[in-house]
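Subject: Handover of a structure

Dear colleague,

Please find below the sequence and structure that I am passing on to you. My notes on what was found follow directly after.

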Amino acid sequence: MAKTKTAFFCSNCGSQSPKWIGKCPSCGEWNTYIEEVIQREAAGAGNQVFIRRASTPTLITEINSGTEIRIDTHNQELNRVLGGGLVAGSVVLVGGEPGIGKSTLMLQVALSMRNLKVLYISGEESEQQIRMRAERLGMGQNECYILTETSTGEILKHIGALTPGIVIIDSIQTLTSENIDASAGSISQIRETASEMQRFAKTANVPVFLIGHITKEGTLAGPKLLEHMVDTVLQFEGDRNYGYRILRSVKNRFGSTSELGIYEMQGNGLREVTNPSEILITQHEEPVSGTTVAATIEGLRPMLIETQALVSTAAYGTPQRSCTGFDVRRLNMLLAVLEKRSGFKLGAKDVFLNIAGGLRVDDPATDLAVVSAVLSSSIDIPVSSKTCFAGEVGLSGEIRPVTRVEQRVSEAEKLGFETIMISKLNLKAAKSAARSIKIQPVSKVEEVFRFLFG
Ligand code: TYD
Ligand code: MG
């Protein structure tokens, strides 16, 4: 009987060591080494299923670039995030918290594929459960096969017999490879099973989706190495109290990482939200103080988002600053600028900030809307609901220009806004895009108050 062999793996980067070490020499993290059993790793090399192509160095100019073939997933938001469709032979990792809707999204994609055999492999749910979910989502008319299996050897055998056009694995943490004796979900198993699936994808030129769990800290469970191995990492996120879900690309070898897809979780699955502005602006009967609309751009898409601020006298000694969907440090910076430049005593106030729909915005152009919302709430006078904002606020209180202001202006105009406040430095570009919308240029934070409240 073979002797049980163990090794230590870094839970951060996946590097291996025969002994336990305190500090990982490859990624520099402390206390990340975990012992795992690796019994028959060497034996695995012998029964390699795939034949490797002999490689020779080729002159870069002689390589046929071609355009990679994109497979339409029949899901516009997913296509967008992938950079225009699924690339043949690519491995896509879809991560997200439990219950966010990863399995739903992937099953929906599996059911809506046309003229392509799909194999959905689940190690988490039974065939009946998947069938029930499929009925809930509305069954497709296509060839969608379900396999409940966790051993990669068996999976690759079934794939060989079925020759699917797309493989979906739910989830990578449930897979086990016979080449390794560690339990499912351990670092060495994830590393081995993911590399087996990646090898399959590359040799057979079939795209593979891997669903991955997320740890409490919000990072993908398993070694960072997993993210290095795959071509694309998508993150599925959202506030569970809201129906909206965002699919973000964190890494993409075939497209930009600034794109995002928006979905709404409904009773019969995920609905694609093609015009996000419409749902992100609440229709108020009459204007309320502390509410403003920011003309942001996420990826390539302009999006008008409502920001809400509440400024009140601090009940306890230390004032509270709390944000949902916005960086709290950025809010503190904006409050400091406001205090210094416009004389508002915000130091003794509680300030709460909320971005509508449970979204998280990173666009610096949101600053101006945040500043205006804070001003509006602290004097309790509403800003007209027909006004929106796009500008970055600098440390000396200057309103800085933002990118692609034309797109923001057009979107605001399309949605019926009558005024848009922007940086003076964006004036020319904004004027060129505006037809009937009024452009209100500002150059300093002091002017914002004057223009809004006279
Ligand atoms: P699921 O896709 O299983 O999440 P994950 O695979 O990321 O863990 O399901 C997410 C939740 O979505 C579940 O709590 C039930 C809900 N849901 C709906 O609201 N509508 C639907 O049509 C489906 C299928 C699920
Ligand atoms: Mg699931």
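Which atom of Ser103 lies 2.6 Å from an oxygen atom of ligand 1? It is a polar side-chain atom of Ser103.

Before going further, please note that this is a predicted model, in which local features need pLDDT of at least 70, side-chain atom pairs count only at pLDDT 80 or more, and totals for chains, interfaces and linings use all residues. Residues are numbered from 1 along each chain as its sequence is written, chains are lettered from A and ligands numbered from 1 in the order in which they are written, and side-chain values use heavy atoms, with hydrogens and water left out.

The ligand site

Thr104 has a side-chain N or O atom 2.5 Å from an oxygen atom of ligand 1. For Arg133, the distance from a side-chain N or O atom to an oxygen atom of ligand 1 is 3.1 Å. On its own, ligand 1 has 560 Å² of accessible area (Shrake-Rupley method, 1.4 Å probe), and the protein covers 74% of this. Helix 3 gives the most, with three residues.

In total, 15 residues surround ligand 1 (a heavy atom within 4 Å), and Gly99, Ser103, Thr104, Gln266 and Gly269 are the closest.

Helix 9

At the start of helix 9, the backbone nitrogen of Arg329 has a side-chain oxygen of Asp327 within 3.2 Å. Just after the helix, Gly343 has a positive phi of about 75°.

Asn79

Helix 2 (residues 76-82) contains Asn79. This residue is buried, with a relative accessible area of 9%. Beyond its neighbours within four places in sequence, Asn79 is in contact (heavy atoms within 4.5 Å) with Ile71, Asp72, Thr73, His74, Gly84 and Gly85.

Yours sincerely

Definitions and conventions. A polar contact is a pair of N or O atoms within 3.5 Å; within protein, one must be able to donate a hydrogen and the other to accept it, and residues adjacent in sequence count only if both atoms are side-chain atoms. Helices (H or I, at least four residues) and strands (E, at least two) are DSSP runs, numbered from the N terminus. Buried means under 20% relative accessible area, exposed over 50%, partly exposed in between (1.4 Å probe, protein chains only).
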